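I opened my notebook for a quick tour of this chain. Here is what I looked up, entry by entry.

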Amino acid sequence: MKFWLKLAIYNSFTKFLIIIIFVAGLPKLIDQIAIIHTDIRLDHQKEKVMNVVDKIGIGNYLKEEQDSSYASYNILKEEYILLQLSPIDTPDSLSYTNQYREIEGEDVEYRVMSFTFKRGDKSYLLEIGRSLLLMSDLKTSLIQIALIVFFFVIIITVIVDLSTARQLLHPFTRIIRKIKRSNHPDNFDFEPVKTSTKDFRYLDESLNLMMAQIKDAFVKEKNFISHVSHELLTPISVVKSKIENVLVQESLSDENYLKLESTLYALSRLSKLTNNLLLISKIENQQFYKCDNVEVKYIIYVVLDMLKV
């Protein structure tokens with residue numbers, strides 16, 4: 001697997017893991033958001049009711065009797081308002097609780113805001129409730145929307161990560177291609193790879209420097225082999241020529257003749273070795289392009305015959 005793909009998968013996996021953790025805690029978070037939103041709505045409704053009470057007076061809602069109260073429920077039992085005399089004299093007391101209310105024989109759970117205030121010498125209790133069923137519907141809708149959003153976020157994240165990782169690692173890919181395409185230091189592309197990433201630029205510069213040193217070493221090695229081969233050929237030829245002149249003398253003993261003949265054979269082998277070194281040097285310098293069809297079977301038979309002798 002390529003590095004850019006691994007990097008993209010890793011980034012996507014970490015983001016996906018974060019999203020999973022977030023989704024796991026999403027219901028509680030949405031519960032808190034729904035409660036806060038409901039409490040704010042109840043507080044706004046309280047302000048509206050208090051403005052109406054201040055304008056038209058509380059007597060339009062309550063009679064002077066101690067047990068009188070005013071209650072209003074909407075037709076779907078989603079909200080209600082209750083205004084009555086408060087048995088406890090605690091003005092400006094505000095609280096938010098979840099309570100059940102029996103309406104037309106049915107128990108309905110509400111988020112209830114209770115507010116105690118004073119008008120004249122009497123304390124009054126104002127309750128405004130909002131059905132928790134609405135909060136449940138709101139929570140379900142929010143969770144569904146959040147899951148859809150998260151799904152698209154994951155898809156977009158994977159696509160963006162794949163594209164970004166591939167784009168960021170493109171200079172690194174070009175550096176690898178430079179190495180793969182070069183089978184010899186002379187064929188290496190020393191042109192710098194264009195990148196804004198400092199690490200990749202440093203890697204490319206180091207690679208170019210290393211290949212330049214290798215190329216220089218190759219050149220020195222080829223020159224050394226070529227020079228040594230040329231320098232060896234001259235003394236070998238001279239010595240070989242002198243030995244051949246000595247071999248033609250009649251006064252030479254048989255023992256010395258065999259020794260000189262053995263020496264001449266060794267010089268011939270050394271001369272062939274030197275010529276082979278020169279041939280290798282020419283091939284490496286691309287000065288020898290001769291191509292022949294070789295019968296491998298024939299060469300093997302010749303070598304076997306030589307070994308038998």
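I took helices (H or I, at least four residues) and strands (E, at least two) as DSSP runs, numbered from the N terminus. On that basis I found Tyr-301 in helix α7, residues 296-308.

Before going on, I noted that residues are numbered from 1 along each chain as its sequence is written, and that side-chain values use heavy atoms, with hydrogens and water left out. This is a predicted model, in which local features need pLDDT of at least 70 and side-chain atom pairs count only at pLDDT 80 or more, while totals for chains, interfaces and linings use all residues.

Entry on Tyr-301. Is Tyr-301 buried or exposed? I call a residue buried under 20% relative accessible area, exposed over 50% and partly exposed in between (1.4 Å probe, protein chains only). Tyr-301 is exposed, at a relative accessible area of 51%. I also found Tyr-301 in a nonpolar surface patch of about 980 Å², alongside residues including Val-294, Ile-300 and Leu-307. Such a patch takes residues with over 30% relative accessible area and no salt bridge, joining nonpolar side chains (Val, Leu, Ile, Met, Phe, Trp, Tyr) within 5 Å and like charges within 9 Å. A salt bridge puts a side-chain nitrogen of Lys or Arg within 4 Å of a carboxyl oxygen of Asp or Glu.

Entry on the whole chain. I counted seven helices and five strands, in the order α-α-β-β-β-β-β-α-α-α-α-α from the N terminus. Of the 309 residues, 26% are buried.

Entry on the strands. I treated two strands as paired if DSSP finds at least two bridges between them. Strand β3 (residues 93-103) runs antiparallel to β4, with 11 bridges, and Tyr-96 stands opposite Met-113 in β4. β4 and β5 are antiparallel too, over 10 bridges. They form a hairpin with two residues between them, and Gly-120 in the turn has a positive phi of about 70 degrees.

Entry on the core. A nonpolar core is a set of buried Ala, Val, Leu, Ile, Met, Phe, Trp, Tyr and Cys residues joined through side-chain atoms within 4.5 Å. The largest one has 14 residues, and among those touching the most other members are Ile-58, Phe-117 and Ile-128. Two or more residues each come from α2 (26-56), β2 (79-85), β4 (106-119) and β5 (122-131). α2 gives the largest share, four residues.

Methods:
Areas by Shrake-Rupley, 256 points an atom, 1.4 Å probe, with all protein chains shown as cover.
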